[in-house]
Amino acid sequence: MENSEENNEINATTTATTKSNVEKTELESKLKLKKKLKLKKKLEKETEKADKRGVCYLSRIPPHMDHVKLRQLLSQFGDIQRIFLAPQDSNARVQYKRARASQNQAYSEGWVEFANKCVAKRVANMLNGEQIGGRKRSSFYYDLWNIKYLSKFKWDDLTEELAFKRATREQKVAIELSAAKKERDFYVSKVDQARASNAIEERIKKKQKVQQDSLQVEKVIRHFPQTKPINANAKGSKTELSDDFLDGVFGGL
């Protein structure tokens, strides 16, 4: 009986734990579903807002103008969400600095996102070709607006285009760096080959010089004592024996 009661208690605890685990999993799944629904609603709202927004393109940014001044000038016509200004290339910037001796950042083009596409279209039609104005002391007071409304163009398209340009630029830089590295390695290898060949030639010349020095023996001039040559008239100078003397010597034999 006691064993049966213990088994019943164990079964009851196991069923309770399994129920609690099931309930926890159900709650977690419900929370995940709620989060997903909230995210979907937020995304839908953002897409609706993005569909309502409009983007204007500025083909020219006057000197000494930045995103802050541009927002101050255009915000009086409507609510502005985002502004992006593309900086000038390094070569153009150097020429601009030489011409005007300015240290400010110069921009070549820009994009302005309005909260309402109708406002963006109206602003582009109203300001294009008109004088910028503002304060007379400003350097861009007499410049003209070069602005155009981009129909069916969203800010995501701009970010994708900028990402694509950045990727192509990085790829181009990587290709140029690899080509420069190859040229440098080729030049270094040629320099090393020239040094090795010069060293070999110098060693060969040294060996040849050593061999020539070993073969060259100093010529030894030896002086031997020689008798003086007999002259042709030496016979006349010799004393000749008389015939009487000879007859006396040989006659006695």
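Reader: Is Tyr141 buried or exposed?
Author: Tyr141 counts as buried, at 15% relative accessibility. Buried means under 20% relative accessible area, exposed over 50%, and partly exposed in between, with a 1.4 Å probe and protein chains only.

Reader: What kind of model is this, and how are residues numbered?
Author: This is a predicted model, where local features need pLDDT of at least 70, side-chain atom pairs count only at pLDDT 80 or more, and totals for chains, interfaces and linings use all residues. Residues are numbered from 1 along each chain as its sequence is written, and side-chain values use heavy atoms, with hydrogens and water left out.

Reader: Ok, the whole chain. How many helices and strands are there?
Author: The protein chain has 7 helices and 4 strands. These are DSSP runs, numbered from the N terminus: helices are H or I with at least four residues, strands are E with at least two. From the N terminus on, the order is α-β-α-β-α-β-α-β-α-α-α.

Reader: What share of the residues is buried?
Author: Of the 253 residues of the protein chain, 18% count as buried.

Reader: How are the strands arranged in the sheet?
Author: The 4 strands form an open sheet in the order 2-3-1-4, with antiparallel pairing. Two strands pair if DSSP finds at least two bridges between them.

Reader: Which strands stand at the edges?
Author: Strand 2 (80-87) and strand 4 (147-150) do. Each has a single partner strand, so one side of each is left without a neighbour in the sheet.

Reader: How many bridges join strand 1 to strand 4?
Author: There are 4 bridges between strand 1 and strand 4, which run antiparallel. Tyr57 stands opposite Lys148 in strand 4.

Reader: Which strands does helix 2 touch?
Author: Helix 2 (residues 67-74) packs on the sheet and touches strand 1, strand 2 and strand 3. Contact means heavy atoms within 4.5 Å. The direction of helix 2 makes about 140 degrees with that of strand 2. Axes are lines fitted to C-alpha atoms, for helices over the stretch in contact, and angles run from 0 to 180 degrees between N-to-C directions.

Reader: And which residues of helix 2 are buried?
Author: Leu70, Leu73 and Leu74. Seen down the axis of helix 2, the buried residues fall within an arc of 85 degrees, so they line one face of the helix. That arc is taken from the directions from the helix axis to the C-beta atoms.

Reader: What covers them?
Author: The cover includes strand 1, strand 2, strand 3 and helix 4. Helix 4 (residues 117-127) lies across strand 1, strand 3 and strand 4, at about 150 degrees to strand 4.

Reader: New topic. How many aromatic pairs are there?
Author: A search of the whole structure finds 3. Tyr57 and Trp111 form one that is tilted, 5.3 Å centre to centre with 50 degrees between the planes. Rings of Phe, Tyr and Trp (its six-membered ring) pair if their centres lie within 6.5 Å; planes under 30 degrees apart count as stacked, over 60 as edge-to-face and the rest as tilted.

Reader: Where do Tyr57 and Trp111 lie?
Author: Tyr57 lies in strand 1 (residues 54-58) and Trp111 in strand 3 (residues 107-114), so the pair ties together parts that are 54 residues apart in sequence. Trp111 is buried at 6%, while Tyr57 is partly exposed at 21%. Tyr57, Phe84 and Trp111 form one aromatic cluster.
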